Amino acid sequence: MGREQPVREEPPVSDAKMEAAVLYGKENVVVEAVPLPPVGPGEVRVRIRAALTCGTDLKVYRRGYHARMIVPPALFGHEFAGEIEAIGEGVTGWHIGQRVVAANSAACEKCFYCRKGLPELCEDLLFVNGAYAEYITLPKRLVKANLLTLPEKLSYEEAALVEPLACVVRGMLETDVQPGDTVAVLGAGQIGLMFTRLCTAAGARVICVGRRPQRLRLAQKMGADAIIPIGQVEDVVQSVRDQTEEGRGPDRVIEAVGLPEVWEQAIAMARKGAVINLFGGCPANTTARVDTSRIHYDEVTIKGTFHHTPQTVRAALDLIADGTVPAGEFIEQRASLADLPAVFRSLLNGNCAVKVAIDPQADPTGKW
Ligand SMILES: [Zn+2]
Ligand SMILES: [Zn+2]
């Protein structure tokens with residue numbers, strides 16, 4: 001008995017493959033053939049032409065996971081640019097071959113925080129990973145919110161800086177840097193360097209605190225007026241204050257390291273009434289101490305900035321395109337996709353290139 005089952009045709013399963021980096025866990029990334037991601041309705045598949053290494057990826061590689069962004073085994077990498085290679089049903093306004101860059105997430109536009117105009121705090125923030133691959137398929141939501149066309153003169157690798165810069169652009173808005181301000185930027189990694197550049201462009205004087213001489217030289221190139229090499233000064237807080245008017249402390253402090261002890265230094269060094277942006281994310285379950293009088297009697301504002309919004313993603317692309325942020329200066333080395341595991345090993349072992357550009361279409365260089 002029973003109803004006759006309708007004959008159902010299985011959707012054709014493509015056995016097309018692509019090369020991609022897969023993160024399997026702590027310090028374990030493998031480049032291997034994986035299924036080519038299909039393109040569903042509303043989606044767009046991009047042939048990746050440049051993917052950039054990032055401090056967050058290095059952190060994920062070292063720890064083996066990222067609570068919000070990536071749980072292994074998973075495709076890896078989140079800063080990329082390329083050209084549209086396939087377009088899903090119902091997608092309009094884009095064409096095959098179009099040069100594009102995308103951010104790594106999109107908000108839902110429906111939840112409590114999205115309705116409050118805080119998309120970065122979206123309760124259903126959709127992350128994409130898989131930039132270290134020949135292709136990536138962008139979900140419908142991302143195509144709608146955070147896919148942008150590349151200006152003609154911009155290279156793929158320069159454009160791929162959009163994602164981290166979009167976070168920094170938001171940090172700038174939150175920190176309210178004014179012309180004539182003295183800003184202490186703690187950290188001379190990619191984030192600290194981008195803050196240094198944008199603060200300088202905003203007419204502020206920047207004191208950059210960092211460790212590696214190579215990075216501090218780059219900070220000067222980005223416009224830092226003073227640099228403070230950690231390890232060569234006894235007291236970082238005092239050294240920064242010594243560089244400010246009558247030792248009062250900086251008007252703005254931006255922490256771009258992500259360590260509780262540096263958060264504490266940031267809070268300690270600011271002048272009265274300062275804004276302190278604790279931008280660097282610390283390891284989970286850590287705490288930092290705050291002298292209560294700093295908040296009450298000294299009226300300092302302590303805040304954090306996490307992630308970007310569609311507005312700051314667009315602003316970031318403009319800042320790269322108009323040369324305000326010289327993206328090329330951040331890309332210090334280049335490698336092929338096959339080189340990726342060796343690139344991450346080298347980054348773990350002291351290679352301090354700000355960014356390594358991975359070209360998934362290139363042949364292995366053999367030099368890594
Ligand atoms: Zn990143
Ligand atoms: Zn939402």
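Colleague: Why are helix 5 and helix 11 called roughly perpendicular to each other?

Modeller: The axes of helix 5 (residues 162-175) and helix 11 (residues 310-321) cross at roughly 110 degrees and come within 8 Å. Angles under 35 degrees count as roughly parallel, over 145 as roughly antiparallel, 65 to 115 as roughly perpendicular and the rest as oblique; helix 5 and helix 11 are therefore roughly perpendicular. Axes are lines fitted to C-alpha atoms, for helices over the stretch in contact, with angles from 0 to 180 degrees between N-to-C directions. The model is predicted, local features need pLDDT of at least 70 and side-chain atom pairs pLDDT 80 or more, while totals for chains, interfaces and linings use all residues. Residues are numbered from 1 along each chain as its sequence is written, and chains are lettered from A and ligands numbered from 1 in the order in which they are written.

Colleague: What makes helix 5 oblique to helix 6?

Modeller: The axes of helix 5 and helix 6 cross at roughly 50 degrees and come within 10 Å, and that angle makes helix 5 oblique to helix 6. This crossing of helix 5 and helix 6 is right-handed. Pro164, Leu165, Val168, Gly171 and Met172 in helix 5 meet Gln190, Ile191, Met194, Phe195 and Leu198 in helix 6, and the residues of this contact divide into eight nonpolar, two polar and no charged.

Colleague: Why do strand 13 and strand 16 count as edges?

Modeller: The open sheet of six strands has the order 13-12-11-14-15-16, with parallel pairing, and two strands pair if DSSP finds at least two bridges between them. Strand 13 (226-229) and strand 16 (301-303) each have a single partner strand, so one side of each is left without a neighbour in the sheet. Strands are DSSP runs of E of at least two residues and helices runs of H or I of at least four, numbered from the N terminus.

Colleague: How do you know that strand 11 and strand 12 are paired, and which helix lies across both of them?

Modeller: Five bridges join strand 11 (residues 182-186) to strand 12 (residues 205-210), and the two run parallel; Thr182 stands opposite Arg205 in strand 12. Helix 6 (residues 190-201) lies across strand 11, strand 12 and strand 14 (252-255), at about 170 degrees to strand 12. Helix 9 (residues 260-269) lies across strand 11, strand 14, strand 15 (275-278) and strand 16, at about 175 degrees to strand 14.

Colleague: What makes strand 2 and strand 4 the edge strands of the three-stranded sheet?

Modeller: That open sheet has the order 2-1-4, with antiparallel pairing, and strand 2 (28-35) and strand 4 (74-75) each pair on one side only. Eight bridges join strand 1 (residues 17-25) to strand 2, and Leu23 stands opposite Val29 in strand 2. Helix 12 (residues 340-348) packs on this sheet, touching strand 1 and strand 2.

Methods: Contact = placed C-beta atoms within 7 Å. Left-handed = near helix turned anticlockwise from the far one by under 90°. Nonpolar A, V, L, I, M, F, W, Y, C, P; charged D, E, K, R; others polar.
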